[in-house]
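Work through the exercises below with the structure open. Each task is followed by a stepwise solution.

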Amino acid sequence: AEDRQVRFRFLEKGGYVDMAKAYREIAREKGYLVTYREKAERDSTFALSIGTHRIDSGLDIRELLPLCEKLTEAGISNVLVKFTASRDNVAYIPGERLRETGILQEYQEKYSHIPLYEYENTRDLYVTEGEFALNPQYVDIAEPYKAVAVNGEYTKGWVDNTGNAAYILCPRFARQYVDYRMRRYPLEDYPYAARLFDIFATTNLSEGECYDGAHPCSRLETAELRKDCMRYTREKYRLDVHTEGTAEYYVPLCNTFEGSLAVMNYPGVDHQGEKVDLDVRCRIPFWELVFHDCAATYFHWEHGGLSQPSRAYDDAMVMLYGERGMFLPGFWDNAFETGLIDEMIERIRKLNLVLDRVKTDRMEDHCFLTEDGRVQRTVFSSGVSVTANLDRHTPYEVDGETLEPWSVRVYGPEGRIL
């Protein structure tokens with residue numbers, strides 16, 4: 001339905017780094033290249049999440065304040081923590097439970113230096129009880145906006161672990177969703193200044209198509225309504241916004257994107273390319289070469305398990321790309337008793353050796369140092385360089401040093417950092 005243009009730009013020399021730098025200028029022309037510093041100047045809340053790791057807590061609610069205490073004792077505050085994925089005797093808790101138990105009040109009194117974030121989902125509507133508690137008031141507001149497919153049937157979405165399928169809501173409902181959530185959980189009582197919007201950059205735009213005559217919506221309108229929801233949340237409520245998935249047209253509106261540090265799935269324990277993760281021998285940090293000083297990406301939440309065997313690989317990749325860690329401490333790990341919380345804190349300390357130095361840097365260079373592509377190096381605008389061995393089994397000799405499997409070397413202008 002639209003006239004479209006395709007632009008080709010041919011480079012006479014250079015490789016993917018030069019391509020990325022050329023594309024960075026195209027992104028600037030499009031208005032997508034808005035840096036962290038520019039966003040923080042425009043929106044004070046955006047400063048909250050510059051250089052922050054994610055802690056997507058699945059802990060028991062009684063462990064949330066001890067988690068904050070541990071982080072505080074360790075001097076760590078550059079994290080975004082989600083309380084509302086927490087559990088009470090294995091069941092998901094409603095947000096109100098955090099106030100009923102006094103947890104949020106004590107957090108505000110003692111640990112408000114640790115920023116919280118909230119998960120938002122403008123898409124899924126459950127009209128029957130299942131894994132998640134039913135909210136009849138929300139059902140009354142949202143049900144008229146159930147999306148209708150071209151065949152006249154309602155469109156279904158996510159299926160919870162009880163087999164209960166959600167209805168997909170029309171994108172025209174997004175603003176009303178945000179208003180409802182802010183009425184139900186006002187910031188003065190529920191201090192979640194950062195918001196992660198689910199699926200906005202992961203599902204295709206056809207999912208937003210709606211053929212209900214009361215609120216019809218096309219794919220093009222879906223794209224605009226998703227961006228409008230981000231803009232509305234930021235401008236009306238002064239919130240710091242993030243989304244699942246990555247899309248360049250969200251960069252001026254969002255600070256971070258979950259998932260695309262891998263390919264939005266759990267890669268198992270091999271991480272050598274023989275499974276489903278991207279093969280480290282040919283993947284390049286194109287996003288970081290273009291947008292590292294503008295918007296960050298994490299691994300998807302499945303990578304956050306504190307006991308997953310490949311966590312050393314994840315950390316090496318995060319440091320190589322100058323990105324943020326993803327952590328999912330869960331009640332199932334007995335994370336305090338097993339020492340996994342202490343290990344998580346030490347991992348964050350290590351990641352911070354790079355992140356604290358490069359969080360607003362441009363990525364200037366990336367290269368492969370070995371023929372098999374498993375040893376790689378990045379260089380950032382502050383002069384920090386990170387060399388990573390992404391091989392699971394084999395040590396490599398690099399610059400006269402032995403680089404053990406899944407480990408990194410970090411140098412700055414001042415010399416060796418790690």
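**Exercise 1: the core**

Find the largest nonpolar core and the residues with the most contacts inside it.

Solution. The largest nonpolar core holds 102 residues, and Ile55, Phe83 and Tyr250 have the most contacts inside it. Such a core joins buried Ala, Val, Leu, Ile, Met, Phe, Trp, Tyr and Cys residues through side-chain atoms within 4.5 Å; buried is under 20% relative accessible area with a 1.4 Å probe, protein chains only. Helix α11 (residues 340–358) gives the largest share of this core, eight residues. Another core, of six residues, lies apart and includes Cys170 and Cys210.

The model is predicted: local features need pLDDT of at least 70, side-chain atom pairs need 80 or more, and totals for chains, interfaces and linings use all residues. Numbering starts from 1 along each chain as its sequence is written, and side-chain values use heavy atoms, without hydrogens and water.

**Exercise 2: around Ile55**

List partners of Ile55 beyond four places in sequence.

Solution. Contact means heavy atoms within 4.5 Å. Partners of Ile55 include Leu67, Val81, Tyr117, Phe327, Met344 and Ile348.

**Exercise 3: the sheet**

Give the strand order of the open sheet of three strands.

Solution. The order is β2-β1-β13, with parallel pairing. Pairing takes at least two DSSP bridges; strands are DSSP E runs of at least two residues, helices H or I runs of at least four. The edges are β2 (79–82) and β13 (326–327). Two bridges join β1 to β13. Arg54 has Met326 of β13 as its bridge partner.

Terms used: Buried means under 20% relative accessible area, exposed over 50%, partly exposed in between (1.4 Å probe, protein chains only).
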